[in-house]
Amino acid sequence: QVQLVESGGGLVQDGGSLRLSCAASGSIFGFTVMGWYRQAPGKQRELVASISTGGTTDYADAVKGRFTISRDNSKNTSYLQMNSLKPEDTAVYYCNIRSLSRGILNTYWGQGTQVTVSS
């Protein structure tokens, strides 16, 4: 069974930085996309950034130039470096893995980690 464990959230001041990590345990096969989503109070969950097995990245417009996603395939771990944080970045951040193997798509979610940016 695959489990995702996030770490690195916390409280930071406006303009500060945080680095989130997501470690996956269990066996994940095939092509994968690792992503980070966030959900602020009263809002829908939204994609923040994603990275494919081959390293192709995608970012939400709101975080381009400030956030960087990376992954270590040998450790089944993804990272989200967040710089120049703003109060509007405050949310629960969830890591996600989508894997495609033998025509079967699997989706896994972490439990979420709180990021709070104070003004």
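**Stop one: two loops**

Select S84, which sits in the loop between β8 and β9 (91–101); strands here are DSSP runs of E with at least two residues, numbered from the N terminus. Before going on, note that this is a predicted model, where local features need pLDDT of at least 70, side-chain atom pairs count only at pLDDT 80 or more, and totals for chains, interfaces and linings use all residues. Residues are numbered from 1 along each chain as its sequence is written, and side-chain values use heavy atoms, leaving out hydrogens and water.

Most residues other than glycine have a negative phi. S84, however, has a positive phi near 50°. S84 counts as partly exposed because its relative accessibility is 41% (buried is under 20%, exposed over 50%, partly exposed in between, with a 1.4 Å probe and protein chains only).

Now pick N76, in the loop between β7 (67–72) and β8 (77–82). N76 is not a glycine, yet its phi is positive, about 50°. N76 is partly exposed, at 24% relative accessible area.

**Stop two: Q114**

Next, select Q114 in strand β11 (residues 113–118). Which residues does Q114 touch, leaving aside neighbours within four places in sequence? Show G9, G10, T90, A91 and V92: Q114 is in contact with them (heavy atoms within 4.5 Å). Q114 and G9 are 105 residues apart in sequence, but their C-alpha atoms are 5.4 Å apart in space.

**Last stop: L105**

Finish at L105 in strand β10 (residues 104–109). L105 is exposed, with 58% relative accessible area.

Technical notes. Helices (H or I, at least four residues) and strands (E, at least two) are DSSP runs, numbered from the N terminus.
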